[in-house]
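Good morning, everyone. Please have a look at the sequence and the structure, and then I will talk through some of the packing.

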Amino acid sequence: MNSQIIDTIKQFDTIIIHRHVRPDPDAYGSQLGLKYLLQHNFPGKKILAAGEHDFTLDFLDFPDQVEDADFNGALVIVTDTANTDRVDDQRYKLGAKLIKIDHHPNDDAYGDIVWVDTTASSASELVYELYTYGKRQESWSLPASAARLLYAGIIGDTGRFLFPSTTQKTFAIAGELIKADFDRTALHNGMYEMERKLLHLQGYIYQNFKMDESGAAYVKITLDVLKEFNVTATETSLLVSSLGNVKGLKAWVIFIEEETEIRVRLRSKGPIINELAKEFGGGGHPMASGATAYSWEEADRVIEKLIEICSA
């Protein structure tokens with residue numbers, strides 16, 4: 001697969017890399033890490049990163065302005081995105097060839113070349129694997145700009161190596177990446193430091209979450225609550241893991257109300273919850289998924305089903 005992907009990259013002068021909407025560090029890490037890796041080893045090619053920027057990830061990097069004309073005859077690579085509905089910038093369809101690189105369950109096997117490995121901790125880990133193959137076969141080298149982003153992606157998707165997706169290979173890759181010349185402390189600070197308003201909202205979560213005897217928990221963050229704490233729905237992504245240290249907790253869901261929908265963020269310490277996410281138009285990993293509800297009645301059905309899963 002690595003050989004096939006590299007051979008395909010060689011055939012195109014323009015490469016446009018996409019990732020999923022509502023990006024997290026692994027989305028940026030795999031997308032922009034791959035961009036800098038390819039720019040470094042193919043300086044004659046035009047390499048662009050598409051998608052809308054999320055200001056909460058300013059500390060990582062920024063995508064490019066991609067014009068419609070750039071897609072003419074271009075190779076498109078989509079990283080860290082399980083299904084086509086979640087690809088940020090639907091112009092990805094306009095390219096001449098499409099490659100999917102992902103670590104989520106392959107429910108939507110889109111693309112001319114599909115590389116999906118659900119045993120990988122992150123899409124960033126897969127991009128690093130592509131680099132190691134390129135290093136052996138093509139004498140590739142890894143710039144610090146790419147190493148920094150890939151490291152951020154791995155840190156983000158493993159919860160600083162606490163999640164079960166972390167393997168011996170993950171630790172080995174991280175060990176190689178930190179040999180690069182980038183400021184690890186500044187990166188960690190960018191990922192995990194929070195403004196006081198977010199810490200205040202985190203306190204609200206601790207005070208207001210409900211937990212069933214089955215070990216299922218939930219908290220509802222309404223528009224009024226967001227307004228009270230002066231926090232945007234996007235900023236709440238930093239708080240999804242807040243309930244993870246609650247004793248006796250098996251799985252939890254945080255609901256974030258927006259103007260037209262309610263974000264459903266599911267996390268688990270054991271029970272499989274991505275099938276539940278699929279029932280509500282979402283998906284993700286067995287223990288970290290997301291979905292969408294369109295009313296609080298629908299959100300209550302998510303809670304009921306989560307209780308059933310934890311009870312079982």
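Let me start with Trp296, which is partly exposed because its relative accessible area is 21%; here buried means under 20% relative accessible area, exposed means over 50%, and partly exposed is in between, with a 1.4 Å probe and protein chains only. Before going on, please note that this is a predicted model, in which local features need pLDDT of at least 70 and side-chain atom pairs count only at pLDDT 80 or more, while totals for chains, interfaces and linings use all residues. Residues are numbered from 1 along each chain as its sequence is written, and side-chain values use heavy atoms, leaving out hydrogens and water.

Across the whole structure, a search finds six aromatic pairs, meaning rings of Phe, Tyr and Trp (its six-membered ring) with centres within 6.5 Å, called stacked if the planes are under 30 degrees apart, edge-to-face if over 60, and tilted for the rest. The rings of Phe255 and Trp296 have centres 6.2 Å apart and planes at 75 degrees, so this pair is edge-to-face. Phe255 counts as buried because its relative accessibility is 0%.

Turning to the nonpolar cores, each is a set of buried Ala, Val, Leu, Ile, Met, Phe, Trp, Tyr and Cys residues joined through side-chain atoms within 4.5 Å. The largest one has 44 residues, of which Ile15, Leu38 and Ile77 touch the most other members. A second, separate core has 19 residues, including Phe229, Val231, Leu249 and Trp252.
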